Amino acid sequence: MNLGELHEPNRKVVGRTIRHFDVVESTNETAKELLEADVEEGLVIWADRQVSGRGRQGRAWASPLGGLYISAILRPKEAHAWILGMLVGMPVIKALRHFGVLARLKYPNDAVYQDRKIAGILSEGVYRHETYYVVVGIGVNTNVDLEKLPPDVQPKATTIKREVSLFVANDEFLDYLLNQVDDVYSRYRNTRLEFLLKEYRGQCATIGKTVRATTAKGTVTGRAYDIAANGALIIMDEQGQRHEFVEGSVEVLK
Ligand code: BTN
């Protein structure tokens, strides 16, 4: 059910209009369905609960009541779904820190606190009627009881409720988060991408660490060395060979 619309005309693009639902299958899917009609760029879909929340690499994203589930519709100038998904990791970390969780950004866009995941991003590029859109979905474990998450997820996850004694309301978190996402997106539109990638590199806690990256092609172990212009993680293996890594999973070893 649609619970109504919120408006914040002071934002430049992202989150000027928010459509709030009680429950959807997945906010990314709702956003994509809306692309059939002529929607304004920056429209945000917000749900209190998702029945089939989706994560990266075909995983599920448990979405019980209490968490924050949103998707923003962007119409970037280039096919930048992957890069935008990474860049949006920065505002997510900023919002978590603002509300008292000293989370770190793990490549490409996981928000992690003491090795436990607290927020994730699923960014998807889609063409509709010859126009390229990016749907950026963000899930944050705000007021979720850890016990409400699947048993296999619980040891690897945490929530704001668990880490911070102060109550953080979802609408308050959302308001702050969207201000930050709007800011990053406006810089994406108005400045050179390399500046934002440089900033991302500085914030990405994976850089400098020994990592194991796994893709469909195989596994690479080495030092996470840099971020390439296309958003790939550059890994140097022990033989000094350079690997660029995009899809798949990264495990931080030390
Ligand atoms: C991940 O870390 O694997 C990404 C998780 C992304 C979850 C969010 S919740 C809102 C949006 N709708 C979805 O179905 N997924 C994203």
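1. Helices and strands are DSSP runs, of at least four residues (H or I) for a helix and at least two (E) for a strand, and they are numbered from the N terminus. The structure under review is a predicted model. In these terms, the elements that each supply at least two residues of the lining of the largest pocket are α1, β4, β5 (104–106), β6 (110–113), β7, β8 and β13 (249–252).

2. The largest pocket has a volume of about 1,100 Å³. Its lining consists of 49 residues, and those closest to the centre of the pocket are Arg59, Trp61, Asp110, Lys117 and Lys156. Strand β7 makes the greatest contribution to this lining, with 5 residues. By residue class, the lining of the largest pocket holds 19 nonpolar, 17 polar and 13 charged residues.

3. Where does the ligand sit? The space that the ligand takes is the largest pocket. There are 20 residues around the ligand, and the ones that come nearest are Ser26, Gln50, Arg54, Arg56 and Lys117. Lys117 is also among the residues closest to the centre of the largest pocket.

4. A polar side-chain atom of serine 26 is found 2.8 Å from a ligand oxygen atom. For glutamine 50, a polar side-chain atom lies 2.9 Å from a nitrogen atom of the ligand. Arginine 54 takes part through its backbone: a polar backbone atom of this residue is 2.7 Å from a nitrogen atom of the ligand. On its own the ligand has 410 Å² of accessible area, of which the protein covers 99%.

5. Which elements build the shell around the ligand? At least two residues of the shell come from each of α1 (27–34), β4 (68–74), β7 (116–128) and β8 (131–140). The largest share, 4 residues, is supplied by β7, the strand that also gives the most to the lining of the largest pocket. The shell divides into 6 nonpolar, 10 polar and 4 charged residues.

6. The second largest pocket has a volume of about 160 Å³. The residues that line the second largest pocket comprise 5 nonpolar, 4 polar and 2 charged.

7. Two features of the backbone call for attention. Most residues other than glycine have a negative phi, and most peptide bonds are trans. The peptide bond from tyrosine 107 to proline 108, however, is cis, with omega near 0°. Proline 108 is placed in the loop between β5 and β6, and β5 and β6 each supply at least two residues of the lining of the largest pocket.

8. Histidine 129 has its place in the loop between β7 and β8. Both β7 and β8 supply at least two residues of the shell around the ligand.

Terms used
Residues numbered from 1 in each chain as written. Predicted model: local features only at pLDDT ≥ 70, side-chain atom pairs only at ≥ 80, totals over all residues. Heavy atoms only, no water. Near = heavy atom within 4 Å. Polar contact = N/O pair within 3.5 Å; in protein donor to acceptor, adjacent residues only side chain to side chain. Areas by Shrake-Rupley, 256 points an atom, 1.4 Å probe, with all protein chains shown as cover. 1 Å grid on protein atoms, 1.4 Å probe; cavity = no way out; pocket = protein on both sides within 12 Å on 5 of 7 lines; lining within 4 Å. Sits in = over half its atoms within 2 Å of the grid points. Nonpolar A, V, L, I, M, F, W, Y, C, P; charged D, E, K, R; others polar. Points joined across faces, edges and corners; volume = space filled by probe spheres on them.
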